[in-house]
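Work through the exercises below with the sequence and the model open. Each task is followed by a solution in steps.

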Amino acid sequence: MAGSVLAPVPASAAPTAKDRLRRSLRSRRTRSGLLNGAPIVIYLLLLFVYPILSTLMLSLKGARGGLTLHWYADALSGTNLAVLLTTLRISVETSLISVVIGFLLAYAMSRLRPLWAGLMMLIVVVPHFISALVRTYGWIILLGDHGVVNQLLVDLHVPGAPFQLLYNEIGVIIGTTSVMLPYTVLLLYAVMRGVDRRLLAAAASMGAGRLVTFRRVYLPLVAPGLVNAAVLSFILCLGYYLTPALMGGTKQTVVAALIDDQVMKQNQWNSAAALGVILLLLTFAGLSLLRLARAIGANARQRGAA
């Protein structure tokens, strides 16, 4: 009716959040979804959330049963701090070397025909399917004082040969890089195959040389993949145990080996739990840096498009 004024709906008549939740739970579709998702939630709670919370509580448990930060203070001082810094240094070095070698391999594969690229991918990936212990002993045989590598260097009359390639940081980095390399190659190859070659051709048609095209066009397109590969290698290397334990010396002890020593030999579960929590926090820090790098890259692309 013209000129009539609609009466406001009383506040009590508007559905509240509690009413909407109750109405949603009455829905057959919602109940079915909760029933189907319950096993997954229980699985995650039992195998992921509960162990992490148990480790956190163990790291905060004092000798008399109260809460304390003593174990964290102990983990961040003295020999434990030196081991943590060594682990960070080895992880960073491995990450950088893996990204550089992985970039060169992935770039070469991306320019090959699919058949040859697949064969190169097999050469890179298949060794990863072999037991890590077998691969590590293989590196020990190759890099020993009388191994294949040193024997070749001696035959070539390289000054200073044979070199000490085992039981030091060089041996650890060689071993860990060989483990992380397949991850970086796979990730970077997927990114490089997705680059639109027409952009490179357009840059060349406008007078840009190969170096300028690579630096101004190609490298920014694959930069997110480089960051992802570096962070992935860093995170995986943080908790790696086998290769540093077998190919490193006493000065290359990593956190994973220290945790094993504290649990198996010293029965220091609280200190080992604190080190484990610190590794977890470092992993979260790496993931946060990855998100930050992505956000910076997205903002840069938006400014460039504007």
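**Exercise 1. A threonine pair**

Task: Locate threonine 176 and state which helix holds it. Then decide whether threonine 176 is buried or exposed, and find its polar partners.

Solution. 
Step 1. Threonine 176 sits in helix α8, which covers residues 169–193. Helices here are DSSP runs of H or I with at least four residues, strands are runs of E with at least two, and both are numbered from the N terminus.
Step 2. Before going on, note that this is a predicted model, in which local features need pLDDT of at least 70, side-chain atom pairs count only at pLDDT 80 or more, and totals for chains, interfaces and linings use all residues. Residues are numbered from 1 along each chain as its sequence is written, and side-chain values use heavy atoms, with hydrogens and water left out.
Step 3. The relative accessible area of threonine 176 is 0%, so this residue is buried. The classes are buried under 20% relative accessible area, exposed over 50% and partly exposed in between, with a 1.4 Å probe and protein chains only.
Step 4. A polar contact of 2.9 Å joins the side chains of threonine 176 and threonine 94. The term stands for a pair of N or O atoms within 3.5 Å; within protein, one must be able to donate a hydrogen and the other to accept it, and residues adjacent in sequence count only if both atoms are side-chain atoms.
Step 5. A polar atom of the threonine 176 side chain also lies 3.2 Å from the backbone oxygen of isoleucine 173.
Step 6. Apart from neighbours within four places in sequence, threonine 176 is in contact (heavy atoms within 4.5 Å) with Thr94, Cys237, Tyr240, Thr243 and Pro244.

**Exercise 2. Salt bridges**

Task: How many salt bridges does the structure hold?

Solution. 
Step 1. There are three, where a salt bridge is a side-chain nitrogen of Lys or Arg within 4 Å of a carboxyl oxygen of Asp or Glu.
Step 2. Arginine 89 pairs with glutamate 169, with 2.8 Å between the closest N and O atoms. Because arginine 89 is in helix α4 and glutamate 169 in helix α8, this pair ties together parts that are 80 residues apart in sequence. Arginine 89 is partly exposed at 35%, whereas glutamate 169 is buried at 17%.
Step 3. Arginine 198 pairs with aspartate 196, the closest N and O atoms being 2.9 Å apart. Arginine 198 is exposed at 64%, and aspartate 196 is partly exposed at 30%.
Step 4. Aspartate 261 and lysine 265 form a salt bridge in which the closest N and O atoms are 4.0 Å apart. Aspartate 261 is partly exposed at 22%; lysine 265 is exposed at 70%.

**Exercise 3. Aromatic pairs**

Task: How many aromatic pairs does a search of the whole structure find? Classify the pair of tyrosine 43 and phenylalanine 48, then the pair of phenylalanine 214 and tyrosine 218.

Solution. 
Step 1. The search finds six. Rings of Phe, Tyr and Trp (its six-membered ring) pair if their centres lie within 6.5 Å; planes under 30 degrees apart count as stacked, over 60 as edge-to-face and the rest as tilted.
Step 2. Tyrosine 43 and phenylalanine 48 have ring centres 6.3 Å apart and planes at 65°, so they are edge-to-face. Tyrosine 43 is partly exposed at 46%, and phenylalanine 48 is partly exposed at 45%.
Step 3. Phenylalanine 214 and tyrosine 218 are stacked, at 5.8 Å centre to centre and 25° between the planes. Because these two residues are four apart in helix α10 (residues 210–238), about one helical turn separates them. Phenylalanine 214 is partly exposed at 26%, while tyrosine 218 is buried at 2%.
Step 4. Phe214 and Tyr218 form one aromatic cluster together with Phe103 and Tyr107.
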